[in-house]
Amino acid sequence: MAANQSTLKTATMAAVLTAVIVTPVFGLQLVRQGARTLMEPRWDLVAIACAAVFIFQLLRPWLALPFKALKTGLPTLPAAPTRGRRGLAALVILLAVVWPFFAGRSSVDIATLVLIYVMLGLGLNIVVGFAGLLDLGFVGFYAVGAYTYALLYHWGGWSFWEALPFAGAMSALFGFLLGFPVLRLRGDYLAIVTLGFGEIIRLLLINLNTLTGGPDGISGIPKPSVLGMEMARRSSEEGSRTFHEIMGWTFQNQHMVVYLYLMALLLALITLLVSTRLIRMPVGRAWEALREDEIACRSLGLNPTRIKLSAFTLGAMFAGFGGAFFAARQGMVNPESFTFIESALILAIVVLGGMGSQVGVILAAILLTVLPELAREFAEYRMLVFGLVMVLMMMWRPQGLLPMKRPQVELGK
């Protein structure tokens, strides 16, 4: 009886909160009639939403029974890779290299976007998954890398390959500087400070008109070259030859799309390789110690200050590389590409895949990037479905899709 009363109370409160949230969005709709704008109430939509939530909350104890197996039914990754997995990884990489030559342009373009989010997810996984530091402003480092390449080209005429190391170094510098004010912060306070950092970067990009172009950003950013040769129909410099002219090929736009995909794949593989090596080194063990217990970490003689700074710096560096490639791929940058929604999406990739799990991050990046592209007719409900999926994951699979198995030792009795 007590359980039924508690369920009824929970369902009633959920229905009331649903009414409060849904009424401004769907219940009060603005209708344009000539020169006048009228507010047309749609209480039927509010009632349907409240009734659906109320019924779902009442039936949730029974609906949850089939999903209890998900807590242990999905696979987990072992702590150390085996030889068979290395062979499988090599096969997957080979397929990823060959695939774009047989796929359509739109598919390759989406795959390039997936690889950018893989880089960003792996970079944030260092901060959140390995070191246990909640970062809600990771998009700020992404923006620093993108604008570093854009500004070096706009003001100095630098090429992509010349600017790429500086983009990573500048983002790493910003990550190092951000580490100092958050050394004594944990949990929610750390998240608030990093969120503010991301917004400060975006507002600076908007207001520094003379340097960054303000809200319009910087356009005309060139694509990466191949060994110093442009991959274009005609060379921008008189007297120089393009890559296609030297190779004797007929220029096609598909070639640049495939080239950008292969570049993104190379950068993603480098990010994966470096982060995998780092977690096996002493610095990686120090990140794990900090994540599990900062007091115990300090008692072991480790310096939490250096550990936090190293996590922020290395994670930001990979974001800077991804930002520089994003600027080259888009051909332009503006502050609206680096909003809080991007930080939330990258963090969701890490949480959905499993914090600390690199394969899980890759899988989550594919799912959260490809699925919205396949269902464009539901684009306006994208964030609603996205939030619902995250809530369900936290209820039934909080450890992520492919959680990393923690190393442990059992002592016999």
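Let's start with Gly315: at 0% relative accessibility it counts as buried (under 20% relative accessible area, with a 1.4 Å probe and protein chains only). Keep in mind that this is a predicted model, where local features need pLDDT of at least 70, side-chain atom pairs count only at pLDDT 80 or more, and totals for chains, interfaces and linings use all residues. Residues are numbered from 1 along each chain as its sequence is written, and side-chain values use heavy atoms, leaving out hydrogens and water.

Gly315 sits in helix H14, residues 304-330; helices here are DSSP runs of H or I with at least four residues, numbered from the N terminus. Leaving aside residues up to four places away in sequence, Gly315 touches Gly123, Val127 and Phe138, where contact means heavy atoms within 4.5 Å. Gly123 is 192 residues away in sequence, yet the C-alpha to C-alpha distance to Gly315 is 4.3 Å.

Now for a helix pair. Two packed helices are described by the angle between their axes and the distance between the axes. For H6 (residues 139-156) and H7 (residues 160-179), the axes come within 8 Å and cross at roughly 140°; axes are lines fitted to C-alpha atoms over the stretch in contact, with angles from 0 to 180 degrees between N-to-C directions.

Zooming out, the protein has 17 helices and four strands, strands being DSSP runs of E with at least two residues. Buried residues make up 41% of its 413 residues.

Key:
Buried < 20%, exposed > 50% of the residue type's maximum accessible area, 1.4 Å probe, protein only.
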